[in-house]
Amino acid sequence: MIKCFAVGVILWLASSTVFAQLTPEQTAARTKGLALYQQSDWYDSQPLLKIAAEAGDSTAQYYLGEAIRLSKRYTTPEARRWYEASAKQGDLFAMLRLGDSGDLCHTFGTCVESGLAWRDKALSLAYERAEKGDTEAMRVLYHAEEGLAWLEKAADAGDTDAQQLLGSFYKAGGGWFLTTGNRNKAVERYFRASAEGGNPVGMMLYANYLFENDGSKKEIRHWVKTAAEAGYIDAVSTYASNIAHFPNDLDFPENLVAGYGLTYLLSQLQGGGVAPEDGRRNLPELAKRMTLAQIKEAEVFAEEWTKAHPPLSYFVPVYGH
């Protein structure tokens, strides 16, 4: 049964070379749905992602499966249906999800036999693509527990997601180093590479590393501000509290209007996380230090910031939750 399924998958993938062409309305729904997903809003993102997923968009299909799984805490039959739709278009992470032996669907008895075949297919394709230099495929092999070497290869090839993942792995004590100094150098190297490569999560990891190791506050401010301007929620929270001097650990000049405006944006987020909760709690305290005119100015600032910057995002890992 599994062998027949695997052959069917191969034939399906071979014939599936045309990707969905979305209408402007479907594209808008996809964009908004992905933005809400990246804000950890697993519920409100689903109807929007479904519009693009039903139109055949493989990315929307994968993230719709993720949103359903995360909201239910296991792979439901509906989530599996969307993972399968994405996997049939060649999405390696969708294939890994279908073959996840640790999913609670095994406990509930809702997993299907085809999961193992999908995992085998993911590994086969990932090895093929990785050997050609595809760093995403290398990350897939790492997540599939095919060895840390694949993550290291991806990081050394310039993949900024792999760099921040590897730096975090080393910082948490993973890997082997002759001395603590060598470990710290590797952590700094990969965090810095990720930051300089434009990865907002890498920027904050590097800023935190510098802060913990008495690095230059000028450089820390640069990376925090740059990550905030890229929309990274954790960076926005840090930047907002510091420019509002609530407190000011990084020696930013005080700007209550901007600090309040950014805190207001965080308070409006409907997904999970500490930042929105902190925003709702801190907003009244900041207001006590401001005039009504300043608060109105801050609301305008928040509106202008939204227009000029990417949507706020946790930059949720493609595969990790």
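Predicted model: local features only at pLDDT ≥ 70, side-chain atom pairs only at ≥ 80, totals over all residues.
The protein chain comes to 18 helices and zero strands. Buried residues make up 47% of its 321 residues.

**The chain as a whole**

- Of the contacts in the protein chain with a separation of 6 or more, 56% come from residues 24 or more positions apart.
- The chain exposes about 15900 Å², and carbon and sulfur atoms supply 54% of that area.

- Which residues of helix 11 are buried? They are Thr 160, Ala 162, Gln 163, Gln 164, Leu 166, Gly 167 and Tyr 170.
- The cover over these buried residues includes helix 9 (135-143) and helix 10 (148-156), along with helix 12 (180-196) and helix 13 (200-212).
- Tyr 170 has a relative accessible area of 6%, which is under the 20% cut-off, so this tyrosine counts as buried.
- Phe 169 has a relative accessible area of 28% and is partly exposed.

**Aromatic rings and charges**

- The structure holds 13 aromatic pairs.
- One of them joins Phe 169 and Tyr 170: the ring centres are 6.3 Å apart and the planes sit at 55°, so the pair is tilted.
- A pair of aromatic rings is described by the distance of the centres and the angle of the planes.
- Elsewhere, Tyr 37, Trp 42, Tyr 62, Tyr 63 and Tyr 83 form one aromatic cluster.
- Two charged side chains also sit over rings. The charged end of Arg 97 is over the ring of Tyr 319, 3.9 Å from the ring centre, and the charged end of Lys 153 is over the ring of Trp 150, 4.4 Å from that ring's centre.

**Helix 17, with a kink**

- At 1.5 Å a residue, the 14 residues of helix 17 (residues 274-287) should span 20 Å, which agrees with the 20 Å between the end C-alpha atoms.
- Where does helix 17 have a kink? The kink, of about 30°, lies at Arg 281, shortly before the proline Pro 284.
- Buried in helix 17 are Ala 275, Pro 276, Gly 279, Asn 282, Leu 283 and Leu 286.
- Helix 15 (233-243) and helix 16 (256-267) are among the elements that cover those buried residues.

- Gln 61 has its place in helix 4 (residues 58-72). Is Gln 61 buried or exposed? At 5% relative accessibility, Gln 61 counts as buried.
- Setting aside neighbours within four places in sequence, Gln 61 is in contact with Ala 53, Gly 56, Trp 82, Ala 85, Ser 86 and Gln 89.
- Glu 297 is found in helix 18 (residues 292-308), and at 48% relative accessibility this glutamate counts as partly exposed.
- Glu 297 and Val 257 are 40 residues apart in sequence, yet C-alpha to C-alpha they are 6.6 Å apart in space.

- Most residues other than glycine have a negative phi, and most peptide bonds are trans.
- The peptide bond from Phe 246 to Pro 247 is cis, with omega near -5°. Pro 247 is found in the loop between helix 15 and helix 16.
- Ser 40 is not a glycine but has a positive phi of about 65°. This serine is in the loop between helix 2 (24-38) and helix 3 (45-54), and with a relative accessible area of 16% Ser 40 is buried.
- Arg 73 is not a glycine either, and its phi is positive at about 75°. This arginine lies in the loop between helix 4 and helix 5 (77-87).
- At 70% relative accessibility, Arg 73 counts as exposed, whereas Ser 40 is buried.

Definitions and conventions. Residues numbered from 1 in each chain as written. Heavy atoms only, no water. Phe/Tyr/Trp six-rings, centres within 6.5 Å; stacked < 30°, edge-to-face > 60°. Buried < 20%, exposed > 50% of the residue type's maximum accessible area, 1.4 Å probe, protein only. Lys NZ or Arg CZ within 6 Å of the ring centre and 35° of its normal. Helix = DSSP H or I, 4+ residues; strand = E, 2+ residues; numbered from the N terminus. Contact = heavy atoms within 4.5 Å. Areas by Shrake-Rupley, 256 points an atom, 1.4 Å probe, with all protein chains shown as cover. Expected span 1.5 Å × (residues − 1). Bend = angle between axes of the 7 residues up to and from the residue.
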